Amino acid sequence: MSTRFLLALFLFSICFIISFSHALNNGFSVELIHRDSPKSPLYQATENRYQRVVNAARRSINRANHFYKDSLTNTPKSTVIPDKGEYLMTYSVGTPPFKVYGIADTGSDIIWLQCEPCKQCYKQTTPMFNPSKSSSYKKLPCSSILCQSVTDTTCNEQNSCQYSITYGDQSHSQGDLSVETLTLESTTGRPVSFPRTVIGCGTDNTVSFQGASSGIVGLGGGPSSLITQLGSSIDGKFSYCLLPLLLESNTVESTTTSKLNFGDVAVVSGDGVVSTPIVKKDPSVFYYLTLEAFSVGNKRVEFGGSSHGGEGNIIIDSGTTLTLLPNDVYTNLESAVVESVKLERVDDPSQTFGLCYSVKSDGYDFPLITAHFKDADVKLHSMSTFVPIADGIVCLAFTSSQIGAIFGNLAQQNLLVGYDLKQKTVSFKPMDCTKV
């Protein structure tokens with residue numbers, strides 16, 4: 001991150017701190033809505049719970065296929081496809097506040113939304129933000145420090161700074177790099193506003209998703225992400241507690257949502273907390289951890305023997321459903337599970353999962369799988385590692401990958417996962433997320 005960009009963020013943080021002062025002592029939380037929750041505008045009432053699990057798994061595989069694209073080309077681009085994200089958050093932009101839905105994504109590094117007038121936009125079913133109706137909206141000039149510091153900006157004929165982000169499938173978003181007031185809806189009912197937040201006001205967007213979502217809320221480690229911009233006002237801390245997928249997609253429990261926490265309320269502490277270092281690597285948008293091994297019961301499966309071993313060998317990602325592993329690591333893990341589980345193996349009718357079993361009742365005790373991160377052993381109970389995909393069929397929620405390793409959101413269910421960017425750690429604590 002450049003010194004000039006840090007200087008600009010420091011100056012803008014003065015505005016953040018003034019607005020944030022009422023919430024600074026305790027921090028704040030917002031709802032994190034799974035796309036398959038009845039509270040989500042993307043909810044498909046015609047799908048059953050098994051279809052939602054399978055579709056989420058397929059989205060995660062498609063999403064992962066576009067990770068690491070940066071390493072294959074010198075062209076600046078984001079390394080994920082945003083429509084494969086699994087969680088939405090509501091926020092408002094402008095004065096007066098204009099409410100929108102954004103895909104919350106720890107694998108993206110910019111906040112952008114569709115704006116009127118739009119030259120080429122995807123079909124958005126909710127009203128689109130019109131910056132001319134906001135008294136706090138301001139385009140950034142090409143001479144600004146922020147314009148010169150953000151990756152892949154250009155200058156138009158009006159001397160306005162233009163951002164451009166291209167995704168792994170060649171879809172893109174382009175428009176004005178601007179500053180605007182961003183307001184988050186706290187679960188306490190008291191909104192928290194951040195003036196002069198850098199956003200992309202997209203007027204040329206060819207990304208493949210459609211619906212109520214207006215764009216992306218980047219939670220990654222890049223210089224333009226929401227987390228980086230909030231900086232000192234949240235003390236570099238955020239956390240989330242993800243509800244079990246089948247619970248979020250159950251209409252009976254539709255009033256319960258996952259939570260995304262900022263500042264002091266994001267601190268993960270108390271009994272059972274384990275922490276592992278964040279490893280700084282390129283591309284900097286991702287949060288890299290070091291995974292040393294898995295255990296299936298008492299049988300240990302080493303990760304370091306893989307060609308993908310070493311420091312920072314796995315990305316932790318909220319937008320990927322399954323946990324993806326290098327082929328050799330997955331093969332060894334699957335063999336350990338097969339050795340432990342004494343059930344009839346069956347083929348996955350959706351052809352998405354590699355290892356599935358016939359389960360005649362809900363009472364089978366699947367083995368405990370433990371992820372051994374550096375300095376942190378994280379127990380993944382069976383609801384996070386074995387998922388029902390049809391009546392009487394349960395599958396292992398891991399899959400092989402030729403492109404790298406991703407610790408997905410199924411494995412993070414019922415864990416309070418905290419990111420401390422000042423201490424450069426991710427912490428895990430077992431938690432019933434329905435009670436957070």
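**A friendly note on this predicted model**

1. The protein's secondary structure comes to seven helices and 28 strands; helices (H or I, at least four residues) and strands (E, at least two) are DSSP runs, numbered from the N terminus. Since you are new here, two remarks on the basis of this note. This is a predicted model, where local features need pLDDT of at least 70 and side-chain atom pairs count only at pLDDT 80 or more, while totals for chains, interfaces and linings use all residues. Residues are numbered from 1 along each chain as its sequence is written, and side-chain values use heavy atoms, with hydrogens and water left out.

2. Now the overall picture. Of the 436 residues in the protein, 58% are buried, where buried means under 20% relative accessible area, exposed over 50%, and partly exposed in between (1.4 Å probe, protein chains only). The accessible surface comes to about 17,600 Å², and carbon and sulfur atoms hold 49% of that; the areas come from the Shrake-Rupley method with a 1.4 Å probe, and for residues only the protein chains shown count as cover. Among contacts (heavy atoms within 4.5 Å) with a separation of 6 or more, 69% are between residues 24 or more positions apart.

3. You will find Ile234 in the loop between helix 4 (226–230) and strand 11 (237–241). Ile234 is buried, at 1% relative accessible area. Val265 is 31 residues from Ile234 in sequence, and their C-alpha atoms are 9.5 Å apart in space.

4. How many salt bridges does a search of the whole structure find? The search finds seven, a salt bridge being a side-chain nitrogen of Lys or Arg within 4 Å of a carboxyl oxygen of Asp or Glu. One of them joins Asp176 and Lys139, with 3.8 Å between the closest N and O atoms. This pair links distant parts of the chain, 37 residues apart: Asp176 is in strand 8 (residues 172–184) and Lys139 in strand 5 (residues 138–139). Asp176 is buried at 12% relative accessibility, whereas Lys139 is partly exposed at 41%.

5. Glu311 and Lys374 form another salt bridge, their closest N and O atoms 3.7 Å apart. Glu311 sits in the loop between strand 16 (299–302) and strand 17 (314–316), and Lys374 in the loop between strand 21 (369–373) and strand 22 (376–380), so the pair ties together parts that are 63 residues apart in sequence. Both partners are partly exposed: Glu311 has a relative accessible area of 47% and Lys374 one of 28%.

6. Lys435 and Asp432 also form a salt bridge, at 3.9 Å between the closest N and O atoms. Lys435 is exposed at 70% relative accessibility, and Asp432 is partly exposed at 32%.

7. On to the aromatic rings. The count of aromatic pairs is 16; rings of Phe, Tyr and Trp (its six-membered ring) pair if their centres lie within 6.5 Å, with planes under 30 degrees apart counted as stacked, over 60 as edge-to-face and the rest as tilted. Phe98 and Phe129 make a tilted pair, 5.9 Å centre to centre with 50 degrees between the planes. Phe98 is partly exposed at 25% relative accessible area, while Phe129 is buried at 2%.

8. Phe286 and Tyr288 form an edge-to-face pair, 6.2 Å centre to centre and with 90 degrees between the planes. Phe286 is buried at 3% relative accessible area, and Tyr288 is buried at 2%. Finally, look for the aromatic cluster of Phe238, Tyr240, Tyr287 and Tyr419.
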